[in-house]
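Dear colleague,

I am passing a structure on to you, and below it you will find my notes on what came out of the analysis. Please keep it open while you read.

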Amino acid sequence: AEPGDAALWADRGAAALAYARPADAAVSFSAVLALRPDLWHALVWRGRAYYEANDFPRARADLDAALARAPDDVAALVLRGLTLFRLGQHAAAEADL
């Protein structure tokens, strides 16, 4: 990916997730956010990458940040609910799901 092209980094991250490479995906979505912090969807995608890497605290932090910007985003809510469940916070998970 070109160093300054957020769209290419996002595509690279999505491909990494599709090929079950969550660590590579997280790096790519971090690059997106460094270039375009306004693209809150990249927080959801990076949160998914962290979730798939079993890094639930980092997944939750990204999903909380995304939902602070877009509180009704269904994908972020569902993924945060799943993350909270994996963290053992079942009541909070149920509220999101």
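The buried residues of helix α3 pack against α1, α2, α4 and α5; here buried means under 20% relative accessible area, exposed means over 50%, and partly exposed covers what is in between, with a 1.4 Å probe and protein chains only. Helices (H or I, at least four residues) and strands (E, at least two) are DSSP runs, numbered from the N terminus. The buried residues of α3 are Ala42, Leu43, Val44, Arg46, Gly47, Ala49, Tyr50 and Tyr51. This helix has twelve residues and reaches 17 Å from its first C-alpha to its last, close to the 16 Å expected at 1.5 Å a residue, where the expected span is 1.5 Å times one less than the number of residues.

Before going further, please note that this is a predicted model, in which local features need pLDDT of at least 70 and side-chain atom pairs count only at pLDDT 80 or more, while totals for chains, interfaces and linings use all residues. Residues are numbered from 1 along each chain as its sequence is written, and side-chain values use heavy atoms, with hydrogens and water left out.

If its neighbours within four places in sequence are left aside, Arg46 is in contact (heavy atoms within 4.5 Å) with Ala26, Phe29, Ser30, Leu33 and Asp62. With the neighbours within four places again left aside, Val44 is in contact with Leu63, Ala66, Asp73, Ala76 and Leu79.

Just after α3, Asn54 takes a positive phi of about 65°, and this residue lies in the loop between α3 and α4. Most residues other than glycine have a negative phi. Ala20, in the loop between α1 and α2, also is not a glycine and has a positive phi of about 55°. Ala20 is exposed, with a relative accessible area of 61%.

Helix α4 comes next. The buried residues of α4 are Phe56, Ala59, Asp62, Leu63, Ala66 and Leu67. They cover an arc of only 135° around the axis, which puts them on the same side of α4; the arc is that of the directions from the helix axis to the C-beta atoms. The face of α4 turned away from this buried side carries the exposed residues Pro57 and Ala68, whereas the buried residues of α4 pack against α3 (41-52) and α5 (74-86).

Ala25, which lies in helix α2, counts as buried at 0% relative accessibility. Leaving aside its neighbours within four places in sequence, Ala25 is in contact with Gly13, Ala16, Leu17 and Ala49. Ala25 and Trp45 are 20 residues apart in sequence, and their C-alpha atoms are 8.3 Å apart in space. Arg12, by contrast, lies in helix α1 (residues 6-18) and is partly exposed, with a relative accessible area of 35%.

Finally, here is the chain as a whole. Its secondary structure comes to six helices and zero strands. With 97 residues, a compact globule would have a radius of gyration near 13 Å, and the protein chain has 13 Å, which agrees; this radius is taken over C-alpha atoms, and the globule rule is 2.2 Å times the number of residues to the power 0.38. Along its principal axes the C-alpha trace spans about 45 × 25 × 15 Å. Buried residues make up 39% of the 97 residues. Among contacts between residues at least 6 apart in sequence, 39% join residues at least 24 apart.
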